[in-house]
Amino acid sequence: MARLPSQAMSRRIADIPDWIDSAACRGMPIEMFFDEDGNGEESLPGLEVCWGSCTVRQQCLCYAKRNKIRDGIFGGYSSRQRRRISVRSVDRNGSTFSRR
């Protein structure tokens with residue numbers, strides 16, 4: 001079943017900071033980052049976009065953690081992967097994340 005962002009989440013995404021202008025995902029189809037067919041976020045092409053060329057991956061991850069965004073790919077991590085990362089470690093580690 002599709003798990004595209006809710007209207008409330010869409011409003012939050014619309015309010016994101018200026019760094020979004022530098023995001024590699026800017027202008028790409030949202031389906032690349034949200035699991036709509038139930039195959040799991042880890043198989044989404046959005047992960048490759050994040051890890052391949054995004055210069056604001058850390059800011060994106062911090063944004064998702066601070067705003068408790070539950071679904072989708074943010075900062076190069078699936079929702080399941082983000083649940084294992086604390087907000088404190090995101091802030092403390094800066095841009096030193098590695099892909100698990």
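1. Is Phe 74 buried or exposed? Phe 74 has a relative accessible area of 8% and is therefore buried (buried: under 20% relative accessible area; exposed: over 50%; partly exposed: in between; 1.4 Å probe, protein chains only).

2. The model is predicted, so local features need pLDDT of at least 70 and side-chain atom pairs count only at pLDDT 80 or more, whereas totals for chains, interfaces and linings use all residues. Residues are numbered from 1 along each chain as its sequence is written, and side-chain values use heavy atoms, with hydrogens and water left out.

3. The aromatic pairs come to three (rings of Phe, Tyr and Trp, the last by its six-membered ring, with centres within 6.5 Å; planes under 30 degrees apart are stacked, over 60 edge-to-face, the rest tilted). One of them joins Trp 19 and Tyr 63 edge-to-face, at 6.2 Å centre to centre and 70 degrees between the planes. This pair links distant parts of the chain, 44 residues apart: Trp 19 is in the loop between α1 (7–14) and α2 (46–53), and Tyr 63 is in helix α3 (residues 57–66) (helices are DSSP runs of H or I, at least four residues, numbered from the N terminus). Trp 19 is buried at 17% relative accessibility, and Tyr 63 is buried at 11%.

4. Phe 34 and Phe 74 also form an edge-to-face pair, because their ring centres are 6.1 Å apart and their planes stand at 80 degrees. Here too distant parts of the chain are linked, 40 residues apart: Phe 34 belongs to the loop between α1 and α2, Phe 74 to the loop between α3 and α4 (79–83). Phe 34 is buried, at 4% relative accessibility.

5. Arg 57 lies over the face of Trp 51, at 3.9 Å from the ring centre (criterion: NZ of Lys or CZ of Arg within 6 Å of the ring centre and within 35 degrees of the ring normal).

Terms used. Helices (H or I, at least four residues) and strands (E, at least two) are DSSP runs, numbered from the N terminus.
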